[in-house]
Amino acid sequence: MRSRPAWAFWYPACAAGVLVLCSSSPARANPRVDRAARLAEEAAFPEALALLAQAEAGDDLTRADVVELLIVRATVHFAMGETDELSADLVRLLSLDPEYALGPRAPPALREALEAARPRVSTPLEVHVTADVDAAGATIRARVSGDPEGLVRRVEIGGRAEGGRWVTSSDGRLTVPGVDVAYYVEAIGMGGAVLANQGSEAQPVFAQDAAQGGSGVVVGGDDPAPIVLGIVIPVVVIGAVVIVLALVLSGDQSTSAVFAPRFE
């Protein structure tokens, strides 16, 4: 029989356990993610997970939304004692920020789970791009690293020659004939979010410049503001485990290029 990690035995064994999540910040996430957080506050965990799944399957998330989705979902998995799912979402969070840390009030069980996930992420999620240019045109190649739990669903390369139209490929390679080839690369994840990119359709990179400078590595897509998630240490009352999870989604105006959520 496969042994369970020591921290797994911390979870409530009693059906009478009560889980209460509190949030005092205004809504600012994708509507489905925000509603899921509200449902989680009410301990409506299956409904919260269903809404998060809908958001993940959609096409209107930003990178900030993805991080918030992962935080809400990890909190739900933690509350429900779903250790495998919790570990996977912690790895995904660490892919977005390998320096992700827990605050001093985080339960030891959660701290141990995070530290157990950390060795699986040696580098942040990155998109690597190379451009080969010759007289006939340019070939753009892209790949993703630092994504052990498959946050990236596809890598889209767009390119066009001077005076031409944009063409795209999701095969990791795109050849564009012509001169003065411009391109962009986007690593697209759940909900259509751009998780990492080099250039954009509005502000493309020129292949000749990239070829002269070598490969490019870009971490992150849009620049989300930090989210703070606080968790209060559990208390045992008359044989029933009562867990109070304080979930705070703050609107701090950070200009950090790498998202750095914190458990407080």
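At what angle do H3 and helix H4 (residues 83-96) pack, and how far apart are their axes? The legends below take up this and other views.

Before you start, note that this is a predicted model, in which local features need pLDDT of at least 70, side-chain atom pairs count only at pLDDT 80 or more, and totals for chains, interfaces and linings use all residues. Residues are numbered from 1 along each chain as its sequence is written, and side-chain values use heavy atoms, with hydrogens and water left out.

**View 1. The whole chain.** Six helices and 15 strands make up the secondary structure here; helices (H or I, at least four residues) and strands (E, at least two) are DSSP runs, numbered from the N terminus. Of the 264 residues in the chain, 49% are buried, where buried means under 20% relative accessible area, exposed over 50%, and partly exposed in between (1.4 Å probe, protein chains only). Contact means heavy atoms within 4.5 Å. Among the contacts in the chain with a separation of 6 or more, 62% are between residues 24 or more positions apart.

**View 2. H3 beside H4.** Here is the reply to the opening question: H3 and H4 pack at an angle of about 150 degrees, with their axes 9 Å apart. Axes are lines fitted to C-alpha atoms, for helices over the stretch in contact, and angles run from 0 to 180 degrees between N-to-C directions. H3 and H4 are therefore roughly antiparallel to each other; angles under 35 degrees count as roughly parallel, over 145 as roughly antiparallel, 65 to 115 as roughly perpendicular and the rest as oblique. Look for Arg63, Val67, Leu70, Ile71, Arg73, Ala74, His77 and Phe78 in H3, which meet Glu85, Leu86, Asp89, Arg92, Leu93 and Leu96 in H4. This contact has eight nonpolar, one polar and five charged residues, with Ala, Val, Leu, Ile, Met, Phe, Trp, Tyr, Cys and Pro counted as nonpolar, Asp, Glu, Lys and Arg as charged, and the others, Gly among them, as polar.

**View 3. Aspartate 89 in H4.** Is aspartate 89 buried or exposed? Aspartate 89 lies in helix H4 and is buried, with a relative accessible area of 1%. Leaving aside neighbours within four places in sequence, aspartate 89 is in contact with Leu70, Arg73, Ala74 and His77.

**View 4. H1 beside H3.** The axes of helix H1 (residues 31-41) and helix H3 (residues 63-80) come within 10 Å and cross at roughly 20 degrees. The two helices H1 and H3 are therefore roughly parallel to each other. On the H1 side, Val33, Ala36, Ala37 and Ala40 meet Asp65, Glu68, Leu69, Val72 and Val76 in H3. The residues of this contact divide into seven nonpolar, no polar and two charged.

View 5. By class, nine nonpolar, one polar and three charged residues form the contact of H1 with H2. In the loop between H1 and helix H2 (45-57) you will find alanine 43. Although not a glycine, alanine 43 has a positive phi of about 65 degrees.

**View 6. Aspartate 180 between two strands.** Aspartate 180 is found in the loop between strand S7 (173-177) and strand S8 (182-189). This residue is not a glycine, yet aspartate 180 has a positive phi of about 50 degrees. Aspartate 180 is partly exposed, with a relative accessible area of 47%.
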